[in-house]
Amino acid sequence: MPLILPKEGVFEYEEKRSKFLGYCAPVSTDEAARTVIAEIRAAHPKANHNVFAYEITAGNVVRMSDDGEPHGTAGMPVLTVFQKTGVINYVCVVTRYFGGTLLGAGGLVRAYTRAAKGAMENAAPEELVISKEYGVVCGYSNFDKVKYDFEKLGVEILGVEYTDVCTLTVRVTEVIEPSFMEVMCLPYLTLNPTAHR
């Protein structure tokens, strides 16, 4: 099950007087990710490096940059932190203020990994819940039973329209959809195809 970031995450880390500031945020477009990167760069004009990585599922976009650090020592470690955890639709920027001591390739990988991981953990990733909305039609005599069955099953009732019948708009998660479809086989229930999303 993929994970998403419900909020921004920040983390500060120091290694041999070099300061690493990790920042990550949820994004859903390439443009949004580029905007975040530009904002971080503008907020840290004196930083030596603004390394980034992001992944957007729409369009299968994966981008990263070492931003002047030795090839493979910065952008790839940041990207790897998120890919190993299974987080999608994010951007992560790690800003580095050089402290005067070279860290070497291994030291850079560890430092960028730690800053990215700290920022990601502070954003508290959570499971992406995939759901669909349905319109369900029933008669007034069965409404209370349908409502009770749906609530027991975990179907979220978003709204009810009362005309000559009751039309419920419901949200069904991927996990309970098979059970929901079994309930929909009952003779007094029908799906309203126009409300299906």
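Two strands are said to pair if DSSP finds at least two bridges between them. Helices (H or I, at least four residues) and strands (E, at least two) are DSSP runs, numbered from the N terminus. The model shown is predicted, so local features need pLDDT of at least 70 and side-chain atom pairs count only at pLDDT 80 or more, whereas totals for chains, interfaces and linings use all residues. Residues are numbered from 1 along each chain as its sequence is written, and side-chain values use heavy atoms, with hydrogens and water left out.

**View 1. An open sheet of five strands.** The strands follow the order S2-S3-S6-S4-S5, with antiparallel pairing. Strand S2 (9-15) and strand S5 (61-65) are the edge strands, each pairing on one side only. From one strand to the next, the twist averages 10°; axes are lines fitted to C-alpha atoms, for helices over the stretch in contact, and angles run from 0 to 180 degrees between N-to-C directions. Strands of a sheet pair through backbone hydrogen bonds, either parallel or antiparallel.

View 2. S2 and S3 run antiparallel and are joined by seven bridges. Along this pairing, Val-10 stands opposite Tyr-23 in S3, and Phe-11 stands opposite Gly-22 in S3. The hairpin of S2 and S3 has two residues between the strands, and Lys-16 takes a positive phi near 50° there. S3 and S6 also pair in the antiparallel sense, over eight bridges. Phe-20 has Arg-96 as its bridge partner in S6. Seven of the nine residues of S3 are buried, so the strand is largely enclosed by the rest of the structure. Here, buried means under 20% relative accessible area, exposed over 50%, and partly exposed in between (1.4 Å probe, protein chains only).

**View 3. Strands S4 and S5, with two helices on the sheet.** Strand S4 (residues 49-56) pairs with S5 in the antiparallel sense over five bridges. Within this pair of strands, Tyr-54 stands opposite Arg-63 in S5. Helix H1 (residues 30-43) lies across strand S3 (18-26), S4, S5 and strand S6 (90-97), and runs at about 165° to S4. Helix H3 (residues 104-122) packs on the sheet as well, touching S2, S3, S4 and S6. The direction of H3 makes about 150° with that of S2. Contact means heavy atoms within 4.5 Å.

**View 4. Aromatic pairs.** The whole structure contains eight aromatic pairs. Rings of Phe, Tyr and Trp (its six-membered ring) pair if their centres lie within 6.5 Å; planes under 30 degrees apart count as stacked, over 60 as edge-to-face and the rest as tilted. The rings of Tyr-13 and Phe-20 have centres 6.1 Å apart and planes at 35°, so this pair is tilted. Tyr-13 and Phe-20 are both buried. Together with Tyr-112, Tyr-13 and Phe-20 form one aromatic cluster. Another tilted pair is that of Tyr-134 and Phe-180, at 5.1 Å centre to centre with 35° between the planes. Tyr-134 lies in strand S8 and Phe-180 in helix H5, so the pair ties together parts that are 46 residues apart in sequence. Tyr-134 is buried, with a relative accessible area of 4%, and Phe-180 is buried, with a relative accessible area of 0%.

**View 5. The two sides of helix H4.** In helix H4 (residues 143-153), the buried residues include Phe-143, Val-146, Asp-149 and Phe-150. Seen down the axis of H4, its buried residues fall within an arc of 130°, so they line one face of the helix; the arc is that of the directions from the helix axis to the C-beta atoms. The cover over these buried residues includes strand S8 (131-138), strand S9 (156-162), strand S10 (166-173) and helix H5 (177-183). Asp-144, Tyr-148 and Lys-152, on the other side of H4, are exposed. Gly-154, which follows H4, has a positive phi near 100°.

**View 6. Cysteines without disulfides.** The structure holds zero disulfides, a disulfide being a pair of cysteine sulfur atoms within 2.5 Å. For Cys-92, the closest cysteine sulfur is in Cys-24, 5.4 Å away and too far for a bond. Cys-138 is likewise in no disulfide, and the nearest cysteine sulfur, that of Cys-166, is 4.9 Å away. Cys-92 counts as buried at 0% relative accessibility, and Cys-138 counts as buried at 3%.
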